[in-house]
Amino acid sequence: MLIYAGTKSDFMIDTENDRLETKLYENIKLKMNRTTGLSELNAWRNSLKEMYITLNDSDIPKDAGVAIEYNIPQTSKRVDFLISGYGWNGKGNVVIVELKQWEKLASIDGQDAIVETYTGGANRRVVHPCYQAWSYAALIRDYNEYVQNNEIGLHPCAYLHNYPRSENDPLDKEQYQDIMEETPAFTYGQRESLRTFIKKQIVTGDKEDTLLKIEHGKIKPSKQLQDALVNMLKGNQEFVMLDEQKVVYESILDYSCQCQKDGKKRTIIVEGGPGTGKTVVAINLLAELTNRMQFVQYVSKNAAPRTVYQFKLKGHMRKNSVDNLFKGSGSYTEAPRNSVGTLLADEAHRLNEKSGMFQNMGENQIKEIIHAAACSVFFIDESQRVTLSDIGSVAEIEKWAALEKSEVIKMQLVSQFRCNGSDGYLAWLDQALEIRDTANYDLDGIDYDIRICDTPAEMESIVVEKNRARNRARILAGYCWNWPKATRNNTNYHDIEIGDYSISWNLDGGDAFAISEESIHEAGCIHTSQGLEFDYVGVIIGDDMRFENGKVITDYTKRARTDNSLKGIKTLAKKDKEKADQVADEIIKNTYRTLMTRGMKGCYVYCTDTALAEYLKKLLKQK
């Protein structure tokens, strides 16, 4: 969707006669059914004036196409400014300009595409403007059939027209250079360089023909995306489906393809506990449906699994368009009905009601996913809801599916393929933590290595040794220790202190916790490990779960101040203490249940409460 489109001449005349902002305002109201705020109008006024001056060059053709606010189909992403025409070879070219009014920014060490700047009333971490422009180009290239078939050249850049560049500027740090080689950044005083960049690509005008054809291009995954997914799965035992996983996969495949044929909306709910292969099925579906030319995306609220699977697809490449296959659960607040072929919502129990940084966007993430997709698939385990804001439940999905007139199909994954194929370990854990009565009082005959350690150092020693083989062991902990913002990149600052033992929370930078070889010396929390699996895990149970008067009790007051999992629990307790205690108890026990089922082969536990340690040892008959 183009909010504004015309020739360069149209753009210049509309700007000179103060008609441009009015047209933008009216078109957004007409095409997107929303009004534009004062801050957005001011941003247009300032940035578009800069583009008016930039295009005021006789060597840039008058009949070149100009578009403003191109809403990329099937996404909520909007490109600021586009210029189209023909290059020296006579083929269509489009220059994509990401406009920024930033005046300063800071680089983030260890993160190749993230910077910090003042935006939205505070300093925030956002993607580097060059990466943003590049990712938009990649998204158009990977999903627009007209661009693919006609070899349209897409040339992204960023224009920070208020930003005074200096020597050794953070904008140009080495970690950003690979993206800037392909997507340059132009800053204050570099207008002539931007003009040169535009003139190199736009030699003759196209009367906006290229832009209009891109706007109406069919959605079709590129060969590059298909090949990347196939290569990741090929020969990788991690993604081989077994038994009922294959059955569920084939059934979903049939339903998804049927949705594309008959136009009927379907919602599939796949229930399964830890280790039953929900993510394995989801990733295989992502690959096969993409290979069948369907627009499909993997969705999760938690960034950790997305980051890991993006890495597995990209290898060690820093930039790759496979990023567009993986989306956060708040990406569909403005998505049109049935605009995506299939959405695969993994860890659906973690979905929220509202989206956005301030939880003020959209209506309900479950409703928005169902609305956006012809076929929506929710992989869910209700016993893994670990925060007050988690709303994902079978009942909630069914409610919104009915309102969206979507047929509901239910499936189950039952067999355990994690924890050495042992359903018995999970049943024992539920009994031990007093989550539910399973009558599994011991682990006799179950091949799973679980030990209660007397010290955290003993636990760490075992995990470090287990990690040597495949880098597939990690230390995890309950969120009972603060994670101060100022020290999140400092490996020498140890957040968790237990007697003379100390360890850092996972660092806020670099490779993902589950992948980085250095993270074996850090502790991950529920947010960095849920949805992932390891061979072995060490788990530190903090003071929020103890053993008192013959019962496993929980205490939400022992949670860290920086933990938002129980945000609002104190307010709830003032209104209804019994309900608050019940909700907190469920969340805390679910958290430790989830942490203690991340290891496929073994789990080594240290409890800060000695009574809890003795209780677990007794259940395990451990001396």
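In what order do the strands of the open sheet of 6 strands run, and with what pairing?

Guide: Happy to. This is a predicted model, in which local features need pLDDT of at least 70 and side-chain atom pairs count only at pLDDT 80 or more, while totals for chains, interfaces and linings use all residues. Residues are numbered from 1 along each chain as its sequence is written, and side-chain values use heavy atoms, with hydrogens and water left out.

Now to your sheet: the order is 12-11-13-14-10-15, and the pairing is parallel. Strands here are DSSP runs of E with at least two residues, helices are runs of H or I with at least four residues, and both are numbered from the N terminus. Two strands pair if DSSP finds at least two bridges between them. Strand 12 (326-328) and strand 15 (407-413) are the edges; each has a single partner strand, so one side of each is left without a neighbour in the sheet. From one strand to the next, the twist averages 20°. Axes are lines fitted to C-alpha atoms, for helices over the stretch in contact, and angles run from 0 to 180 degrees between N-to-C directions.

Within the sheet, strand 13 (residues 340-345) and strand 14 (residues 373-380) run parallel and are joined by 5 bridges. There, L343 stands opposite S376 in strand 14.

Helix 10 (residues 243-262) lies across strand 10 (266-272), strand 13, strand 14 and strand 15. This helix 10 runs at about 165° to strand 15.

Helix 11 (278-291) also leads us to the second largest pocket: this helix, helix 12 (303-314), strand 21 (534-541) and strand 24 (599-607) each supply at least two residues of its lining. Helix 12 gives the largest share, 4 residues.

Two of those contributors, strand 21 and strand 24, pair with each other in the parallel sense over 7 bridges, with V537 opposite C603 in strand 24. Both belong to an open sheet of 7 strands, ordered 16-24-21-17-20-19-18 with mixed pairing. That sheet has strand 16 (449-452) and strand 18 (496-498) as its edge strands, each pairing on one side only.

Note on methods:
Contact = heavy atoms within 4.5 Å.
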